[in-house]
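Reader: Could you please take me through this structure? I would like to begin with the overall fold and then look at individual residues.

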Amino acid sequence: MSSSTFWRAVVCGLISTFVMGMVAFFQGGFGLPVIDVGHILKQSFNYVHIDEPYSIVWGNVAYFIIGIILALIWVAYLQKRVPSNWIVQGLIYGFAISIIAGLVVAPLASLSTGEPLGIFYSESWFPGKIMLAGIIMHIGYGLTLTL
């Protein structure tokens, strides 16, 4: 990967993560849960501390770093392997991220906070709505990234 490609992927990861965050907030207007990943990460970081040393800034920094890493994974390993145009690629990548988040990331992250969500949010308040909200926000990320 060239230096130019790397930096373009980093910028696209930042922009895509921002779009995903905005989609997550706007979903509340449609009756879906608002998923504030930065806040969730901040709470996870602070769970093991008596005082809360991590602010929302650190949660959002981690959120954007994850978005950049996902963009770099796409550019370095997957972009050439997923056939079709950018729309189909974005839908596939967004859906794949959502499946991995519901199957692995969210259950493990929630266990670290002492409030388990279960696989595909099965132990949450509204598993279907949370899964749909996650799919929509990750597809927003994937489409923005591949665009």
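This is a predicted model: local features need pLDDT of at least 70, side-chain atom pairs count only at pLDDT 80 or more; totals for chains, interfaces and linings use all residues.

Reader: What radius of gyration does the chain have, and what would a compact globule have?
Author: The chain has a radius of gyration of 16 Å. A compact globule with 147 residues would have a value near 15 Å, so the two agree. Along the principal axes, the C-alpha atoms fill a box of roughly 45 × 30 × 25 Å.

Reader: And what share of the residues is buried?
Author: Buried residues account for 36% of the 147 residues in the chain. The accessible surface amounts to about 8,600 Å², and carbon and sulfur atoms contribute 73% of that area.

Reader: What part of the contacts links residues 24 or more positions apart?
Author: Among contacts with a separation of 6 or more, such pairs make up 61%.

Reader: Back to Thr-146, then. Is it buried or exposed?
Author: Thr-146 has a relative accessibility of 14%, and the cut-off for buried is under 20%, so this residue counts as buried.

Reader: What does it touch?
Author: Apart from neighbours within four places in sequence, Thr-146 is in contact with Trp-74, Trp-86, Gln-89 and Gly-90.

Reader: Where is Ser-124?
Author: Ser-124 is in the loop between α4 (86-111) and α5. At 12% relative accessibility, Ser-124 is buried.

Reader: Which backbone oxygen does its side chain reach?
Author: The side chain of Ser-124 reaches the backbone oxygen of Tyr-121, at 2.6 Å. Leaving out residues up to four places away in sequence, Ser-124 touches Leu-117 and Ile-130.

Reader: Changing topic: which residues of helix α2 are buried?
Author: In helix α2 (residues 37-46), the buried residues are Gly-38, Leu-41, Lys-42, Ser-44 and Asn-46. Their cover includes α3 and α4.

Reader: Which residues does Gly-59 touch?
Author: Gly-59, which is found in helix α3, touches Gly-38, Leu-41, Lys-42 and Phe-45, not counting residues up to four places away in sequence.

Reader: Is Gly-59 itself buried or exposed?
Author: Gly-59 is buried, as its relative accessible area is 0%. Its C-alpha is 9.7 Å from that of Asp-36, a residue 23 positions away in sequence.

Reader: What about the nonpolar surface patch: which residues make it?
Author: Tyr-54, Ile-56, Val-57, Trp-58, Val-61, Ile-65, Ile-69, Ile-73 and Tyr-77 make up this patch of about 820 Å². One of its members, Ile-65, belongs to helix α3 (residues 56-78).

Reader: Why might residues three or four places apart point the same way?
Author: An α-helix has 3.6 residues a turn, so residues at that spacing point the same way.

Reader: How accessible is Ile-65?
Author: Ile-65 is partly exposed, with a relative accessible area of 45%.

Conventions: Residues are numbered from 1 along each chain as its sequence is written. Side-chain values use heavy atoms; hydrogens and water are left out. Patches are made of residues with over 30% relative accessible area and no salt bridge: like charges are joined within 9 Å, nonpolar side chains (Val, Leu, Ile, Met, Phe, Trp, Tyr) within 5 Å. Accessible areas come from the Shrake-Rupley method with a 1.4 Å probe; for residues, only the protein chains shown count as cover. A salt bridge is a side-chain nitrogen of Lys or Arg within 4 Å of a carboxyl oxygen of Asp or Glu. Helices (H or I, at least four residues) and strands (E, at least two) are DSSP runs, numbered from the N terminus. Buried means under 20% relative accessible area, exposed over 50%, partly exposed in between (1.4 Å probe, protein chains only). Contact means heavy atoms within 4.5 Å. The radius of gyration is taken over C-alpha atoms; the globule rule is 2.2 Å times the number of residues to the power 0.38. A polar contact is a pair of N or O atoms within 3.5 Å; within protein, one must be able to donate a hydrogen and the other to accept it, and residues adjacent in sequence count only if both atoms are side-chain atoms.
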